[in-house]
Amino acid sequence: MEMASSCKRSRTPRPKKCVVDRLSALPDDILHRVFSYLDFLDVVRTSVLSKRWRFVWTSVPFLNFNMDWFVKHNYNKKLELMEPRYKFWDFIKWALLLRDGSQIIRICLYTDNTITEQLNGLLRVAARQKVQELCFLDGDYTADELEFPRVLCETLTQLTVNFRDTIPLRVTAVFSSLRSLNLTRVLISCDVAQKLLSSDCVKLENVYLEDCQVRDVEEISILACNLKNLTIVNVCTYEKFWVVGSFDSKLRISAPNLISFCYIGPMLRGFALLNTMSLESASIRLLRVPRGYEDEYKNHLLCPARFIGLNHAKALTLSTLVVKWGLQRDMLKVFIECLKLHCSLAYGELLWDTFILDNLNHLELELRYNANYIEGLVNLLKFSPNLEALFIRFKEARHIPRSQRKKKKAIENRSSWESRLEDISCLSYHVKIIRISNLDGTEIALELVKFLLQNGKVLEKMEIMPRNGERKQKSFSKLVAFPKASSKVVISFLEYAQRKIPWFDRGDSDPEYDD
C-alpha cells in the first residue's frame, strides 16, 4: 500500500497544451473578408473577444447595416417600438465617425424605415469616402429624392436600389465608373436615364431594371459599348399588385458586346436591338394587358419588326404571346407591310430576310393547345435554318369560371390541327434533340409530336415529360408507333417536374377563352 501511494505521488503532471488563437493570427485582409458577411453590429461586438480584435472593426471596408437585426437586439418592452429605429441611425453615424480613416469599399443598408434626410446624409459620407459599392434595400415610400453627389457618381462601380415603393433619384453627374446597375421600383427621369444608361457610361456591364417608372421619356436609349447583360422586368412585382407596364416608352438598345438580354412585360411602342452582333441568349416574355388597359396598347402591333436584333442570338426563349401573334401564317402579309412601314422609317431600309435566325441553335418556347400556337411554332422553325435543339413547354391549365366554359369548349372545337409533311430546313438537317414538357394526351398534342417525328430527318432524341398524372394514358403508347423520318431517334419519358414560376408570370398568359 505504501509503495502504491508513493508511486502515485511521484507521478509528474502533464504539461498543459499551449492554445494558439489561429483566427486572431490571421492578417487583417482575411478578417475583413470574413466580417464582410456579418452585420456591422456583430462586427463591433467582436471587439470584446481579444485585444487583437479590439479595434479591427474600425478598419473594416465592408459595412452591412440591417435595421431589423439592430431592432431585434436592442428592443426593450419598456421602450417604444420606434426608439430602437431612431437609435439605428445614431449607430450608423458613430460607426462612421469612429473609423480609423481607412477607405470604405462597400456600404449595404437594409431598412424599412425610410428617412430621406438620413439616406442623403449617408450618400454624402459615401461621396467623401469615395465608396465603390452602394446598396439600399427594402426601403418604404418616400416622396423626396435620393441625391447622389458628383464625386459619388464618378467613383461608384456597383449601385443597387431596391425599394418597396417607387422612389425618385436626382443625379448630378454621369456614372463614368459604374459596372453594375440594379434598380427596383425607382422613378427614372429623362436626366437620370441619360446619366445612368448613356454612352458616357463606358464601363457599364450589367443592368437590371425591375418595376421602374419612367417619367417624360419618349424613348429609352441604352447605349453602352461594354454592356454584357441586360434584364428589364416591366411589371409591378411587389405584393401581388397586378399592374402590367411600369413604363410605355420606346426602347432602343445599342450594345456591341451584349451577351444576354431578357424582357418581361407588355409590348412596347417601339423596340429595337441595334449593333448586337455578340448576342448569345435572349428571352422575350410578353405579358397580356389586364382588362381596362386595352386602349392604351391598341397601337402596339406585334410583328417581327418589333424584334429586330434578336436574329443574332444563339439561344432564344419566347412566351406564348410572341409565338401566337407574332408568327402566325395568316399574318405574314401584315408583317411585311409593317416592315416596310415601320422599320424603313426607323432603321433604314430593312428586308424580310433580316429576321432570319441563322445563328440560332437553341430554341425554347411556351405553347398552348391551340392551332394558332402550333402554326406559330411551324413558322418560327422556318425562320431558324440552323436550329439544333428545340424545347417546348405547354402552359399549365387554369381553373375556368363556369360562365366561360361554353366559350372555352367552342374555341377548342375550332382548334384542331393535323400533322403534315413539310420541308423545313432545320428539321431536315440540324435538329437532333427535342424536349416537350407538360404534354397531355389530347389529339392536338399527339399531332404535334407526329409532325416533329415525321419531319425530323436527323433527330436523335425526343424527351417527353407528360403532365402530372397522365403518364399511364393509353394515348402515350401511340407515340412509339408514329412514323419516323429518322431511324436513330429514341423516345424517352421523363418524370414530371413542377416548374417554379414567378407569381407575376403565372397570370401573364392569354387564357384561351379570352381570345
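Colleague: How is the expected span of a helix worked out?

Modeller: The expected span is 1.5 Å times one less than the number of residues. Helices (H or I, at least four residues) and strands (E, at least two) are DSSP runs, numbered from the N terminus. This is a predicted model, where local features need pLDDT of at least 70, side-chain atom pairs count only at pLDDT 80 or more, and totals for chains, interfaces and linings use all residues. Residues are numbered from 1 along each chain as its sequence is written, and side-chain values use heavy atoms, with hydrogens and water left out.

Colleague: How many residues does helix α6 have, and what does it reach from its first C-alpha to its last?

Modeller: Helix α6 (residues 116-129) has 14 residues and reaches 20 Å, close to the expected 20 Å.

Colleague: Which residues in α6 are buried?

Modeller: Buried means under 20% relative accessible area, exposed over 50%, partly exposed in between (1.4 Å probe, protein chains only). In α6, the buried residues include L119, L122, L123 and V125.

Colleague: How should I read phi?

Modeller: Most residues other than glycine have a negative phi. Look just after α6: K130 has a positive phi of about 55°.

Colleague: Where is R185, and is it buried or exposed?

Modeller: R185 sits in strand β6 (residues 180-188). Its phi is also positive, near 55°. R185 counts as buried because its relative accessibility is 8%.

Colleague: What about N438?

Modeller: N438 is not a glycine, yet its phi is positive, about 65°. It belongs to strand β18 (residues 433-439). At 4% relative accessibility, N438 counts as buried.
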